[in-house]
Amino acid sequence: FDHHCPYVENCVGYKNRISFLIFLATVSTNCWMAMYFFVGFFRAVGICWPMVAVVLVYIPFAPMLTGLFLWQLFLLKDNLTTNEWFNRHRYDEFRTPAGNPYNRGIKMNLLEYFHLVEPAAQRIQPQKIEV
């Protein structure tokens, strides 16, 4: 579990984080491209007030979605979830001298994020207790 995203009305976690990253990349790119084309349209045709209203909707969303995309890339770099980042002071595994026990380096973190290697958390198998 990473966090609940109101934009997709779903929780983001291990199984859908790739889709969420692609979603953020495409939606933020779409916002910036739309604003670019609107500016070109305004230069060619002139001000069209209904289209100005549409651009006013895009103006806050483009940087916000780009920021969310960059935030996910930042977390990917350190192999963290949003939940772990904001609550790292609460979790015992982050209170060690090493800091983040899940950080395997940028390359391995990237491979783990895209499910190309086994997650670090799954490498530690719980011990079975015989009854």
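Contact is taken here to mean heavy atoms within 4.5 Å. In the predicted model examined here, asparagine 103, leaving aside its neighbours within four places in sequence, is in contact with Lys77, Asp78, Asn79 and Asn109. Asparagine 103 is placed in the loop between H3 and helix H4 (106–113), and the C-alpha atoms of asparagine 103 and aspartate 78 are separated by 5.3 Å although these residues lie 25 residues apart along the chain.

Two of the residues contacted by asparagine 103, Lys77 and Asp78, are themselves paired, since lysine 77 forms a salt bridge with aspartate 78 in which the closest N and O atoms are 2.9 Å apart. Lysine 77 is partly exposed, at a relative accessible area of 32%, whereas aspartate 78, at 16%, is buried.

The count of salt bridges comes to 3. One of them joins the side chains of glutamate 112 and arginine 104, with an N to O distance of 2.7 Å; here glutamate 112 is buried at 5% relative accessibility, while arginine 104, with a relative accessible area of 24%, is partly exposed. Another links aspartate 92 with arginine 95, the closest N and O atoms being 3.3 Å apart, and in this pair aspartate 92 and arginine 95 are both exposed.

Glutamate 84, which lies in helix H3 (residues 82–87), is buried yet has no salt bridge. The nearest side chain of opposite charge, that of arginine 17, is 7.9 Å away from glutamate 84, and therefore lies outside the 4 Å limit applied to salt bridges. When residues up to four places away in sequence are not counted, glutamate 84 touches Asn79, Tyr91, Phe94 and Tyr102; Asn79 is also among the residues in contact with asparagine 103.

A nonpolar surface patch of about 400 Å² is made by Tyr7, Val8, Val57, Phe61 and Met64. Of these residues, methionine 64 lies in helix H2 (residues 49–78) and is partly exposed, with a relative accessible area of 34%.

With regard to cysteines, the count of disulfides comes to 0, the criterion being a pair of cysteine sulfur atoms within 2.5 Å. Cysteine 11 is partly exposed at 34% relative accessibility, whereas cysteine 31, at 5%, is buried because its value is under 20%.

Notes:
Residues are numbered from 1 along each chain as its sequence is written. This is a predicted model: local features need pLDDT of at least 70, side-chain atom pairs count only at pLDDT 80 or more; totals for chains, interfaces and linings use all residues. Side-chain values use heavy atoms; hydrogens and water are left out. Helices (H or I, at least four residues) and strands (E, at least two) are DSSP runs, numbered from the N terminus. Buried means under 20% relative accessible area, exposed over 50%, partly exposed in between (1.4 Å probe, protein chains only). Lys and Arg count as positive and Asp and Glu as negative; His and the chain ends are not counted. Patches are made of residues with over 30% relative accessible area and no salt bridge: like charges are joined within 9 Å, nonpolar side chains (Val, Leu, Ile, Met, Phe, Trp, Tyr) within 5 Å. Accessible areas come from the Shrake-Rupley method with a 1.4 Å probe; for residues, only the protein chains shown count as cover.
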